[in-house]
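Please read them with the structure open.

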There are 8 protein chains.
Amino acid sequence: MNINQILEQVKQGDISINEAEQRLKELPYKDMGFARIDHHRKLRSGFGEVIFCQSKTNDHLLKIYQHFADENLEVLGTRASADQYNYISAQISEIEYDPISRILKLEKANKNHTGLIAVCTGGTTDIPVAEEAAQVAEFFGSQVLRIYDVGVAGIHRLFSKIEEINKANCIIAVAGMEGALPGVLAGMVDKPVIAVPTSIGYGACFNGISALLTMLNSCAEGISVVNIDNGFGAGYLATQINRLATKI
Amino acid sequence: MNINQILEQVKQGDISINEAEQRLKELPYKDMGFARIDHHRKLRSGFGEVIFCQSKTNDHLLKIYQHFADENLEVLGTRASADQYNYISAQISEIEYDPISRILKLEKANKNHTGLIAVCTGGTTDIPVAEEAAQVAEFFGSQVLRIYDVGVAGIHRLFSKIEEINKANCIIAVAGMEGALPGVLAGMVDKPVIAVPTSIGYGACFNGISALLTMLNSCAEGISVVNIDNGFGAGYLATQINRLATKI
Amino acid sequence: MNINQILEQVKQGDISINEAEQRLKELPYKDMGFARIDHHRKLRSGFGEVIFCQSKTNDHLLKIYQHFADENLEVLGTRASADQYNYISAQISEIEYDPISRILKLEKANKNHTGLIAVCTGGTTDIPVAEEAAQVAEFFGSQVLRIYDVGVAGIHRLFSKIEEINKANCIIAVAGMEGALPGVLAGMVDKPVIAVPTSIGYGACFNGISALLTMLNSCAEGISVVNIDNGFGAGYLATQINRLATKI
Amino acid sequence: MNINQILEQVKQGDISINEAEQRLKELPYKDMGFARIDHHRKLRSGFGEVIFCQSKTNDHLLKIYQHFADENLEVLGTRASADQYNYISAQISEIEYDPISRILKLEKANKNHTGLIAVCTGGTTDIPVAEEAAQVAEFFGSQVLRIYDVGVAGIHRLFSKIEEINKANCIIAVAGMEGALPGVLAGMVDKPVIAVPTSIGYGACFNGISALLTMLNSCAEGISVVNIDNGFGAGYLATQINRLATKI
Amino acid sequence: MNINQILEQVKQGDISINEAEQRLKELPYKDMGFARIDHHRKLRSGFGEVIFCQSKTNDHLLKIYQHFADENLEVLGTRASADQYNYISAQISEIEYDPISRILKLEKANKNHTGLIAVCTGGTTDIPVAEEAAQVAEFFGSQVLRIYDVGVAGIHRLFSKIEEINKANCIIAVAGMEGALPGVLAGMVDKPVIAVPTSIGYGACFNGISALLTMLNSCAEGISVVNIDNGFGAGYLATQINRLATKI
Amino acid sequence: MNINQILEQVKQGDISINEAEQRLKELPYKDMGFARIDHHRKLRSGFGEVIFCQSKTNDHLLKIYQHFADENLEVLGTRASADQYNYISAQISEIEYDPISRILKLEKANKNHTGLIAVCTGGTTDIPVAEEAAQVAEFFGSQVLRIYDVGVAGIHRLFSKIEEINKANCIIAVAGMEGALPGVLAGMVDKPVIAVPTSIGYGACFNGISALLTMLNSCAEGISVVNIDNGFGAGYLATQINRLATKI
Amino acid sequence: MNINQILEQVKQGDISINEAEQRLKELPYKDMGFARIDHHRKLRSGFGEVIFCQSKTNDHLLKIYQHFADENLEVLGTRASADQYNYISAQISEIEYDPISRILKLEKANKNHTGLIAVCTGGTTDIPVAEEAAQVAEFFGSQVLRIYDVGVAGIHRLFSKIEEINKANCIIAVAGMEGALPGVLAGMVDKPVIAVPTSIGYGACFNGISALLTMLNSCAEGISVVNIDNGFGAGYLATQINRLATKI
Amino acid sequence: MNINQILEQVKQGDISINEAEQRLKELPYKDMGFARIDHHRKLRSGFGEVIFCQSKTNDHLLKIYQHFADENLEVLGTRASADQYNYISAQISEIEYDPISRILKLEKANKNHTGLIAVCTGGTTDIPVAEEAAQVAEFFGSQVLRIYDVGVAGIHRLFSKIEEINKANCIIAVAGMEGALPGVLAGMVDKPVIAVPTSIGYGACFNGISALLTMLNSCAEGISVVNIDNGFGAGYLATQINRLATKI
């Protein structure tokens, strides 16, 4: 029995108000409209579905993508392998794959991109994580400016780009090893900086812990941190901020 | 010699263009206008000066505040002690101090507060850090909604507040121990969530490391993290986002 | 407007069923009866209120206890200081305090204690944590058997007690330093063992991490672990198990 | 010489009481009946033998299983590989293997399952560990309710299941990354929650440490933790609790 | 009923052999003579009682020492404070206290010291831990050679002592900070080296972890490690080895 | 528009001085001559280009080396694989590769080597890192003295070399496991010692952390540390010091 | 010039005493007889050469073993692979290899074994490390008693062996996971216990750190610890102690 | 008997050459001239004595300083307290103390300072450590340039100083929290940079570990690291390098 039926019975006088109240409280939450909020969130935010591909079997993944292809819906997959792409593209020819960012997606053509997010990296080895962030932001409708290989060990490269970077509504700064780029950037711009530590490096970088700690301890203002190698999270969060800045 | 003087000499023909070019390149950076960017940032962003009081002597701190009082400027100090307040207030009667957030400030009256930032805590012991965040955001002109003591161990308290929280442009979620509040919140709203781990707790919370790791590993989207107990950083960043959402 | 009022309007035909359904979904969660579940839990389980005293001011704590005293209700406070006890007992003479366990409580006389929980410690320095566990279990109605100072460095002391210990429905094993007691115990009994690492020790015990890791890695079956020094958590959980064993 | 023989000699007067007493004290412990306790434990508890397959050679493992097959006894193996299964099933056709939980077993048909244990997971990647727990509990005679993929990032999925979950005598909550599920669950039910951190994740999850710390620091009551990925331990312990609840 | 009584009944024919066998198996372990082994160990080894004074109250400690004083027995206390000494010496005048090693003891005069143990330190700040080791060894009857302040930063000081050190049956090497002394020593002598890391230092010494790791990773042969600052453990173990070398 | 053009316009009176000043400040930094400083650094120091080969594709790497080969310039690559060497040498026959140090380089013949750097290792397994350091130093023009396998576990091997080592301007000490060599060396020479921890070892060496901590905590004077396995960094820094000592 | 030659010149009056004194001080250390001490140590202790095979090439290793084979000397290699054995045995037929302990050796027949060392393990997975210890001890002339799979989770298995174990001069206790065996053993015997943590396990055992910490924190007396998986070190040290006990 | 006496006997024919050779080898090392090397090092390097005051008693410290005062020698003490200064200055009026660096010294007037060392800090809280470094360098004869509070969060402050900084022979960069200053500096100069992490900060700075890791992982060339807060070590090492650059 659902809400509508209970209310109908109340109207018909088939059950008392007390009885109706009791039944309403016993309904599963999803039937009570709670799940609707979640759906509303998806609809309102315009964020399509996201699949974490890494630990999924080819068959399982194919079924998921087939569902979206059949419904003519967009879907974004992260951390997909070339093997997963090959398997799925044999069935779904319109699927797209980028081996750098490892993003596997079904995306509508001629999407509009608004606002601006700057994505910066300290070195060239940070690019895969940066591309995941950038392509996620683009998939969700943000315009992206890429500024790669501007680490603090040769900081003059960064300076010539600062004014361009500061035009963005939000800056994603990706860096491994010492991880100092986000803090330096945050000291030079007046927009939120999302710091992404990467696991690239050797020795006492401890697979990204060094960069993570550097970023958490930054003395600059206007900086926050996501998990090591979490380009997706940074791209998603930057899009939220970019939307706040462009929609209102 | 400054830029103006060099240009004057070029105009007068006192030095060649080549010579002028060389001299320009040798000028200290600040004279070249670089520092101007930094000042522009302060002016444009409307963020006044911030003082980290914790390790400063009473005398040193008094001089700093006296300077702002004399100039009739606002200034915000963080991590101030009651003793510092007593010492300074003897000289500067208009100074204000809040023993919970430990904020010591000179602030103009009748300030306008725009937009909305929600500040939530898991427990009552997280309130000092939350108040630092909230009062920093207010000082910089944001309106703040406080929702305290809504931790996940009694999660029904949180649910009744979700729609109210989601009206904010940005949410600051402060939690210690298990630190699960920000992740749960981020799964229920569609606004950026800034997670602040606190050092409160005992045993394997390791002064906030447990909460920090929980937040970094959140599976929810739209969440980023600042340093343990860094209420100031969260309040500043939330204000940046709130301004992006309200000004444009 | 609450559920009852909405239903009344439906009955009177003042609003349509669709309209009523919409309004029901928009009600705050607590009004929907969700909070009731939580209250039911408290009532059904018979666990009274618990206060974490450690970071509370004397005034704040007094108000809390006064509330329970006025209502003639039981209440259990953990990690209370002697100073807190002195302050409160001046107003509430029937308050009880144990300086070992640091438990501060209002408790009805002649409480019935059922089932059996065994509380064991490796050394004498583990007794404060063990007493917190034991007294929490007793407060919630369990009978408790105390077996202290039976650590594995002199394991023959433990053997003479095994049959007695195994009569309990649940065993709490408290140990610091090497923390081997719970694993040895779990290998000798057929009841759940709740392991509590303590922070007592020096050097590479790292305030309880050593004991915590030992317990997590135990090769014995039927063992689980709570946070370092978390006697309260162990006593509460043991009572839940003891009730399952005795009530049904 | 065993106890019986010594006693016989005492009766016959062949040795003095003092001499007999001395000999008794010198007997190996197992001969003194101590090992009996251990056997009693197995018999009384009804827990059959368990084999940790992971580091065992095919030959060694076959011999173990052949022994149980010959004796017509049940045996449960954990962390078995498909290769181990193939090798053994060529000889023992009645052996059963589940590639998800990696359990390899000889089990009687038509086993009775009593009581109820709920096994919940935060995500789909936690299912292998959850299945190990669930199948271990079933092997030892418990009825199991599986509630998978109800993590806190989409917490409404969990709510619709709470009343069903709370009917269990014990709840196993399996989660990786942030690991918040067990704490949220423990705040909503009144039964013991056994938390199992999993090693799935990336970055600062540190192969399960993040989830482990979250669970140890949970502010909810009635929760304890087993080792990372230790589904077996959780299933065993839950069965002990379930038996206490159903047998008495 | 004890063993003797059971045997008497067997002899008298009051109980059957089967019945006697059953009763014997049910006797508590200590009554079965197991505890005797422990006492035998004390007697055979000649190690008197040891008290860990650190966390004991003055009253509790006084009772312990009074017991040994009354029985005219030796007793050794470690980590005693000057305050504990003052309290106890007011009652037991023959008690001895050394503020460097913090050893508080009752010891017979004219004790014989045999064999030889060398105790070396890297610096002067390691001396308190070294003295604890040395005085424990002396208390238990070993002769001790002290070689202090011979750290590897000025390694020539060590060389002039090597032949003297190598005459010992066992060497205790105490060092903090880099902790290299035991490894260098072990490479130059042919006797067991017991390495004791100390917690003295600053920065990345992490209260002795640095020295502990250095010692565990020593490439030299014939070296083992005890806990940080565990002079007592080193002195006890060295005495065991010294006795093996001198008694047989 | 560049500086020269702006100055020309000032000279011609086409723009005012104020306008020129404004334009100058808005020029990108690199155009302002800042990048020149960086180039000056390279030219002045005589350090050629360095490539970190490890994560680069064969194609990418070939293009880089081809560029330098075409320009007839030197270039040094670190952490190159044999596979990378084979791929590139097929095109660039003059490329040189050393499988021990994994250095891949284009180098002019008959280079002059000045001053002296000593490179020492604790064991033979440290040689790859030491060779990276040594060959980097040689590539940049330093003379190198190799003293390998002189670890502290057999310290007499080191003593016979001390006077020879002390003739160097700078000493690189490479060691894994306990990592004590640099501290012992620094106590015996009066030149800067650059300590390089290596990741070789097992157990509690934690991939070089043990050696790193030992070196940071050395009580000797005149010692500093680079990252684990960072032979390149040590060779570069030693060359800087060697040049300071030889050039002036 | 060596010492002898200098002294000859003094005797002949060819050089003054002052000159001779100066020359003597300038001689390399090894010529001064220092190295003699090291050789004496080898000779006196009777410990033959030991090779750490793990990181050595087949060719390099063959040369080393060929040298010992040619000289008809014993040599012991640790951590050798089956591949290394196959390569070398093709040339040196008398070489012996044990795949469990991974020891590769040339050993004289009919060696005498004296004294007694007990080698115990907690589980069967600890046997490879235990066998390394046992075979090293045997190679150096000790008699070894193996007591495997007597871990504390089934502690009655250990008790029946205690008296036999206590007959040894030294006990090696090998354990992974919780690592409690050495502490329990040390509480039951009066001989030195050398604890060896192993890296076997999963989850929070952290490759042996858990066991290592347990052992360092043992409350029992007479216990010390070697590096994780360091069976060789334990076997060597135990032999030193066994020799002290048997030779004098 | 010393070398001289032995040689005299050889010359007189009182002992044979063989006998003399034997005796020489048996002399303690210091008598053999080894200690001379150490003294030579002190003399040659011109580094006076250094005292670590922190853990020394007032009396002990006074004796040390009195010795140097009586001998009219210089001496430098680090980490001295104001209390130590007061105690000693009552006896030795010429002693000098700086409460910022906590240096307590006897120093000759009109000392010559040569070369140049730059000491930079990220913030004002790093100044105590920087002053220790600077004053140590000055005490040992180096000229020092102080550039404080030029951290990367406001990097333009640093740029105006770069050319001045690069005139130094060696740069000491002191920074806490994120610790990025040394890496940025090393990318802009061509002189050795000695990085000193400081323990100032809060949260995830872990008393300097964050800054330490940042510095070890710096991607810039020409940088090495000393222990957390080790201003003394940096000042000493910088002086060694400065001397190499200025003396030769």
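1. The face of α4(H) that points away from its buried side bears the exposed residues H:K63 and H:D70; exposed means over 50% relative accessible area, buried under 20%, and partly exposed in between (1.4 Å probe, protein chains only). Helices (H or I, at least four residues) and strands (E, at least two) are DSSP runs numbered from the N terminus.

2. This is a predicted model, in which local features need pLDDT of at least 70, side-chain atom pairs count only at pLDDT 80 or more, and totals for chains, interfaces and linings use all residues. Residues are numbered from 1 along each chain as its sequence is written, chains are lettered from A and ligands numbered from 1 in the order in which they are written, and side-chain values use heavy atoms, with hydrogens and water left out.

3. Buried in α4(H) are H:L61, H:L62, H:I64, H:Y65, H:F68 and H:A69. They lie on the same side of α4(H) because they cover an arc of only 165 degrees around the axis, taken from the directions from the helix axis to the C-beta atoms. Their packing partners in chain H are β1 (49–52), β2 (75–78), α5 (82–89) and β4 (103–106), where contact means heavy atoms within 4.5 Å.

4. Just after α4(H), H:N72 has a positive phi of about 60 degrees.

5. In chain F, an open sheet of 4 strands runs in the order β1-β2-β4-β3, with mixed pairing; two strands pair if DSSP finds at least two bridges between them. β1(F) and β2(F) run parallel and are joined by 4 bridges. In β2(F), F:L76 is the bridge partner of F:V50.
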